[in-house]
Amino acid sequence: MKRIVLLLVLPALLTGFSGVQAQDAPAITLTLAAYTTPREVYVEVIPLFEEYWLQETGQRVEFQASYLGSGAQSRAVEGGFEADVVALSLERDVTRLVDAGLITHDWQSNPYNGMVSTSLAVLVVRPGNPKDVTDWGDLARDGVEVLTPDPATSGGAQWNVLATYGAAQRGYVDGYSADDEGAYNFLVDWLSHVAVLDPGARDSVITYSRGIGDVLITYENEYFAGIAAGDEYDIVYPTSTILIENPVAVVDAYADAHGVREAAEAFVAFLYSDQAQAVFADKGYRPPVLQAADEEEETAEPGGGALWEESALDPDRFPPVEDIFTVAYFGGWDQIGGDFFGDDGIYTRAIAEAQ
Amino acid sequence: MQNAARLEQEAVNAPRPQLDLSGWGLRGTAIVYLLVMIALPVFVVFSSGLQAGLSGFWDNVSHPHAVSALRVTLVTAAIMTVINVVMGTLTAYVLVTYRFPGKNVLDALIDLPFAIPTLVTGIMLVLLYGPQTALAGFLQDRFDVRVLYARPGIVLALLFICYPFVIRAVQPVLVQLDERQPEAAYTLGASGWYTFRRIVFPAIRPAMLSGGMLGFARALGEFGAIVIVAGNIPLRTQTAPVYIYGKVEAGNMPAASAVSVVLLGVALIVTLGVDWMQRSRQHG
């Protein structure tokens, strides 16, 4: 019996050793902890970086990528999941790692504030838009059933609440005064039309594709992901909406402990390269680097059509929106956490009043 | 003779200490295992829920969303339990009393809900009662009942998950029931219903109750199926486990633990009640 085991194990051991010897450059491993929706992006970007890194340094790099809801992923890393790089959906989930002492460098020091991809909160409707939904205001109309994920379980769902509240507060929702009171009333009115609060953004899309609800509030990139997956629905751009910004950062403590800081930093930098940003654009995100390039191009030489066409930011695919604001409009995530989603926050009161 | 008796006595005595040792070892292992696997996690939740003091605990538990979530959970679990006790007893009675083709297959099917991941249960119910299905359209048009994303959906999910509890509690009692008693009652002229009410029912009542209560306790914590079928709207269709999950996701552990303590407390009382009932049945 023992002999049989040895016979089985021996060749494996030998080939194992020879495998290591045959390799000129030792491989290093990078662990990426990402939220769920950009999986399609990283599946394509990671091989690009592996090739780039091999050419630059002669070193092979292997990836272990984990995809989980942003909040859960952030807490996992905080709790000891040793990821070298995190790609999360909200700044607040990175701030948690800064507070935990795991990220020690100024991760927002690049020109894009550490935000590797952006998107917009938009409306998705049934093909042909049977309920004639044209802007946020239609969410509060009689007979319109709305789907949005639960802000309590999905950090990403908080974008939707902020988008509608901000648009009303800034005077872009007809029938509501452009102030705190009007915005609050609008929030209450449309929340009373919500049929299902799914735990996550993807769950909401799945429920919608099962035929529940008239309008789904989601992100532009989720719309493109759904279309790519063969779902059929139309997109409606509101006049005013929030810019969704997704951060990426090196986790100093773990990258140093694993001795892979150089590669981890190179990977994060690579995500901002035109090559990687084009993948983001291809998957439906509005990549900040290409966007900035387009803006420069526009101001530098108006009508510089060639670059517009080459850039992935095709205005037919990513139409301009009249009014775009960011979380900074609400004073940043720290402020939003208490003001909107605390025990006595605006959303917490509104969802209670909506019932 | 005396000698032989003494030898026999010694032979019996000799291995005793060893037996005792292993007995203590077994007992110790079982107790430590119970402490580590069950008591410790329960204790941690209790201490975390009460960390902010009683007033903090009360604030967390008396939040309108928490109160409503607990109410939805308790009410749906109670409705499920009533249906489960009645239909479960009926099913067990039929399985024990009657012969019919396919009975063995049916009997095996009963345990299936224990083996199916509850997430799958949720998906099955969505496929069955989803808004595009004929069944949902019929219920909506004919009775104006919306099953999914409403409380009936929660009760249905719980019924599926807790299906075996009452049947599996009542069935063995019915099998063991002395057949002569009902037969005697019957030959003395008692009707079938009278026989059931006066002879069979008193014998199986403790099993019905303990099976129903165990199912109730199990239903309190159900998450996987409910998060899919309930709709999760606060103050309407959000259950306590889904509320707790939301609080955990939001990083509000004190609120999550406080509501968990309430659920644990109810479950503890219920299981203690079951235990007490089984004990009194043995003695009575």
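Angles under 35 degrees count as roughly parallel, over 145 as roughly antiparallel, 65 to 115 as roughly perpendicular and the rest as oblique. This is a predicted model, where local features need pLDDT of at least 70, side-chain atom pairs count only at pLDDT 80 or more, and totals for chains, interfaces and linings use all residues. Residues are numbered from 1 along each chain as its sequence is written, while chains are lettered from A and ligands numbered from 1 in the order in which they are written.

**View 1. Helix 2 of chain A meets helix 10 of chain A.** The axes of helix 2 (residues 39-57) and helix 10 (residues 261-271) of chain A come within 11 Å and cross at roughly 125° (axes are lines fitted to C-alpha atoms over the stretch in contact, with angles from 0 to 180 degrees between N-to-C directions). Helix 2 of chain A and helix 10 of chain A are therefore oblique to each other.

**View 2. Who touches whom between these two helices?** Helix 2 of chain A brings A:Val45, A:Phe49, A:Tyr52 and A:Trp53, and helix 10 of chain A answers with A:Ala263, A:Ala266, A:Phe267, A:Phe270 and A:Leu271 (contact: C-beta atoms, placed from the backbone, within 7 Å). That makes nine nonpolar, no polar and no charged residues (Ala, Val, Leu, Ile, Met, Phe, Trp, Tyr, Cys and Pro count as nonpolar, Asp, Glu, Lys and Arg as charged, the others, Gly among them, as polar).

**View 3. Chain A against chain B.** Here 17 residues of chain A face 18 residues of chain B in the contact. Strand 6 (194-198) and helix 15 (346-353) of chain A each give two or more residues to chain A's side (helices, H or I, at least four residues, and strands, E, at least two, are DSSP runs numbered from the N terminus). The largest share, four residues, comes from strand 6 of chain A.
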